[in-house]
Amino acid sequence: MRIARLAGPTDFEGWRKTARALRLAGVTPGEVVWAAGGEGELFADGDPAPAADAPAFTAPRAFVDLAQEVICHRDPERFNLLYRLLWRLQDQPALIQDITDPDVARAREMAKPVARASHKMKAFVRFRLLPGVEPETYAAWFEPMHHVVEKTAPFFVRRFAGMRFSILTPEACAHWDGDTLRFTPGVSRDAAPADDLLEDFWRTYYASIFNPARLKVKAMQAEMPKKYWRNLPEARLIPDLIASAAGRTAAMVAQAPTEPSRHAAKATKPVRDVVLEGTPPSLEALVAGVDGCRRCPLWKDATQGVPGEGSATARLMFVGEQPGDQEDLAGRPFVGPAGQVFDKALAEAGVPREQTYVTNAVKHFKHELRGKKRLHKTPVQSEISACRWWVDHERRLIRPRVIVALGATAALSVFGKATPIAANRGRAIQLPDQAQGVVTYHPSFLLRVPDAEAKEQGFKALVEDLALAWKLAA
Amino acid sequence: MAPLSLKRKLAILSDAAKYDASCASSGSSGRNSLGGKGVGSTEGMGICHAYAPDGRCISLLKILLTNFCIYDCAYCVNRVSSNIPRARFTVQEVIDLTLGFYKRNYIEGLFLSSGIIRNGDYTLEEMVRVARGLRQDHDFRGYIHLKLIPEASPALVLEAGLYADRVSINIELPKDESLLALAPQKDVGVIKKAMGGVRYAIDEGREKGRRAAPKRFAPAGQSTQLIIGADTASDGEILQRSERLYGGYGLRRVYYSAFSPIPDSSKALPLERPPLMREHRLYQADWLMRFYGFERQEIVGEAANLDLAIDPKLAWALENRGRFPIDVNRADREALLRTPGLGVKTVDRLIALRRQKAIRLEDVKRLARGLSKVKPFIVTADWTPGALTDAAGLRGTVAEQPRLL
């Protein structure tokens with residue numbers, strides 16, 4: 001029987017070196033007893049010489065990760081379990097993936113409470129300010145459930161880098177001076193400060209944030225087990241909070257509503273969207289009224305009505321189909337992907353967008369939900385007709401010389417009848433109100449054309465039509 | 001009247017904040033205080049520093065800047081007509097409390113909300129001063145959640161998002177009509193516009209290839225809360241609202257908060273124990289929509305309510321028995337996710353394990369929480385449920401023991 005001694009309870013490097021040497025020497029798991037915490041030589045009976053024919057071996061990364069967790073466990077059996085796993089892994093490297101194997105399962109079961117103990121240490125350490133120490137220094141007394149001080153201390157350094165602190169525990173202590181993390185042996189609880197002025201405030205907060213109408217003691221204890229309570233300053237309130245909960249709730253339910261307080265008189269009047277009735281007197285009034293439009297049901301699922309935007313004296317007016325996802329969020333027309341194509345086409349055609357007026361045939365975003373996406377849905381005749389009221393007033397107030405209908409929906413709105421794009425684009429169409437109309441592709445149509453060449457052709461046509469419209473409007 | 005002590009203010013203004021269910025401190029950008037002048041870190045996973053006897057996680061210092069409010073929302077303890085003690089923190093007091101609590105490792109950061117004083121802009125400006133002070137004067141790198149005031153100006157909302165990890169606007173009532181009736185000053189249109197603006201800013205911050213990478217707007221996203229049981233909304237209507245909020249505004253979370261008795265409550269509302277089981281089922285259904293590939297219509301019709309006795313996935317499976325049993329060794333991930341008793345983690349582990357070996361019932365038992373709910377719906381190398389899947393009494397055998405919630 002060999003005795004393998006490690007420098008400390010979480011001496012992973014020592015375990016790794018020793019295990020490797022033992023494995024190369026062909027020492028079976030049954031022949032080793034592991035002891036942690038001893039000083040001096042690793043082996044009481046000398047380092048084992050590797051067997052002459054020992055093959056080189058490596059351990060899978062997943063095992064090394066798991067072993068670093070397992071070694072922090074309290075169970076003295078952990079070293080041997082890890083060695084046994086290492087031994088078996090040499091013949092079956094895939095063993096570490098088999099979570100139903102008893103050794104693998106046991107190791108994973110041991111890793112879990114270690115991770116939990118480390119997490120609970122991050123949660124439940126309570127620092128106290130050391131009185132009269134300059135610069136400001138804090139210390140905490142904590143009793144971890146496994147050997148997790150070394151593993152968890154770097155978390156506190158990352159979090160409290162600009163603060164000096166010590167975490168004192170019965171087994172090991174961690175100290176941060178703003179520059180270096182040091183570990184020292186464990187101490188007794190008297191070494192830690194007994195109180196902190198802010199703890200009373202913390203208890204006040206703890207008691208006030210608790211809702212007595214929702215008492216769930218088991219849920220609390222599952223996450224904040226009693227074994228941690230003695231080092232938690234707030235825990236002493238728990239018995240009273242539980243005992244008084246039912247009475248407090250009953251009192252709230254029994255209490256008859258009182259007369260509203262004098263503050264109630266100051267309550268503000270609600271400000272609601274006003275539904276615009278009658279002829280809009282100005283473009284500003286029209287723009288302000290779009291959001292309150294209830295002429296069709298599309299407003300219900302949309303974020304807001306998206307009014308037109310641009311010059312009130314524009315000679316050229318663009319009418320698109322409807323706002324898309326981005327336009328619905330931003331409250332402005334043509335700001336999404338189609339807007340980018342539109343801007344690019346305008347730039348190539350030499351049309352300054354700010355000298356034009358850009359609007360849509362339908363002012364609210366029509367869509368359907370697909371999972372977490374809102375997918376564009378083409379508006380139907382009745383919605384286009386309902387919204388034509390707005391387009392007509394925009395035309396009346398702006399009096400553009402030329403109106404460009406972008407896409408079939410816009411064409412239907414502007415011309416009052418279906419106007420196929422391919423057959424009608426590239427020329428001026430006389431409108432009854434003395435303006436001239438041009439019909440062309442909607443920029444978002446170009447986004448959906450799969451064939452690159454066709455897409456380029458379409459874009460060229462769009463640019464030509466925009467240039468034509470700008471010329472007509474001059 | 002003598003000025004209130006800081007402790008008394010803390011008691012009043014945390015009591016007033018407890019009806020907000022959210023206390024999450026997770027999902028933000030990873031950062032720490034190394035190389036900085038102050039303290040603070042967020043490393044992805046949130047930490048609950050304590051649990052109150054209501055079982056809720058205490059992760060953040062969740063307080064109101066003030067519980068004075070000019071609004072009169074019937075369900076709210078802070079409504080203008082409520083006879084409760086009122087208090088107001090100064091900006092500096094909130095900063096000092098946050099840092100004091102943080103340095104003692106009580107909290108992950110601050111969740112600041114407020115009653116509406118004067119107007120939306122004034123209120124949000126005060127809240128932004130707290131966040132700005134923590135970030136700029138103290139180099140605080142912990143978590144900040146700011147409740148936005150939807151009526152505030154977009155520029156102020158944008159500034160709030162630069163300091164906050166998460167922002168939220170509570171819609172509170174599932175139906176537009178109930179908002180109109182119970183929260184006369186709230187305007188669902190204004191709320192939706194503000195949420196839309198927040199999502200627009202978040203998306204813009206995430207866009208790649210922007211010059212000089214702007215500081216990310218609210219890296220932990222936005223959330224909201226719906227109160228359950230204060231109005232007559234069905235579970236279907238509630239989940240329909242959630243579905244639209246997730247789809248339209250990319251919310252990280254919708255919180256459901258069972259309406260619970262408040263001191264000095266309004267006559268307009270039911271005074272009874274909060275419907276905690278209903279709240280629980282709604283969270284389960286919400287999870288099914290977000291992580292299990294379910295559409296809302298599959299879980300519950302618009303006018304219907306969830307089954308309180310069994311979880312919504314089990315209820316769905318019992319209604320769709322023709323799809324079962326599922327062969328654990330062959331089925332795709334989607335089908336496994338729809339199997340009662342198998343969670344996301346279990347499914348992923350089963351898929352990893354079946355590359356190694358043929359899965360037996362014992363393996364499922366080891367990976368899943370229990371077998372009784374799963375067994376009638378699966379086939380393994382050594383198990384087939386036979387007629388069990390279609391047995392008339394199945395609902396009775398798989399339903400969990402009633403729990404008192």
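## Helix packing in chain A

In this predicted model, H1(A) passes H3(A) in a right-handed crossing. The two elements, helix H1 (residues 12-24) and helix H3 (residues 78-91) of chain A, pack with their axes 11 Å apart and at an angle of about 50°.

On the side of H1(A), the contact is made by A:Trp15, A:Ala19, A:Leu22 and A:Arg23, while H3(A) contributes A:Phe79, A:Leu82, A:Tyr83, A:Leu86, A:Trp87 and A:Gln90.

## Aromatic cluster and charges over rings

Several of these contact residues, including A:Trp15, A:Phe79, A:Tyr83 and A:Trp87, also belong to one aromatic cluster, which is formed by A:Phe12, A:Trp15, A:Trp34, A:Phe63, A:Phe79, A:Tyr83 and A:Trp87.

The contact residue A:Arg23 of H1(A) lies over the face of A:Trp87, at 3.8 Å from the ring centre. In chain B, B:Arg338 lies over the face of B:Trp316, at 5.0 Å from the ring centre.

## A buried aromatic pair

Over all chains, a search of the whole structure finds 30 aromatic pairs. Among them is the pair of A:Phe155 and A:Phe156, whose ring centres are 5.2 Å apart and whose planes are at 85° to each other, an edge-to-face arrangement.

Both partners are assigned as buried because their relative accessible areas are under 20%: the value is 4% for A:Phe155 and 0% for A:Phe156.

Notes:
Residues numbered from 1 in each chain as written. Chains lettered and ligands numbered in written order. Predicted model: local features only at pLDDT ≥ 70, side-chain atom pairs only at ≥ 80, totals over all residues. Heavy atoms only, no water. Phe/Tyr/Trp six-rings, centres within 6.5 Å; stacked < 30°, edge-to-face > 60°. Buried < 20%, exposed > 50% of the residue type's maximum accessible area, 1.4 Å probe, protein only. Lys NZ or Arg CZ within 6 Å of the ring centre and 35° of its normal. Axes fitted to C-alpha atoms, helices over the stretch in contact; angles between N-to-C directions. Helix = DSSP H or I, 4+ residues; strand = E, 2+ residues; numbered from the N terminus. Left-handed = near helix turned anticlockwise from the far one by under 90°. Contact = heavy atoms within 4.5 Å.
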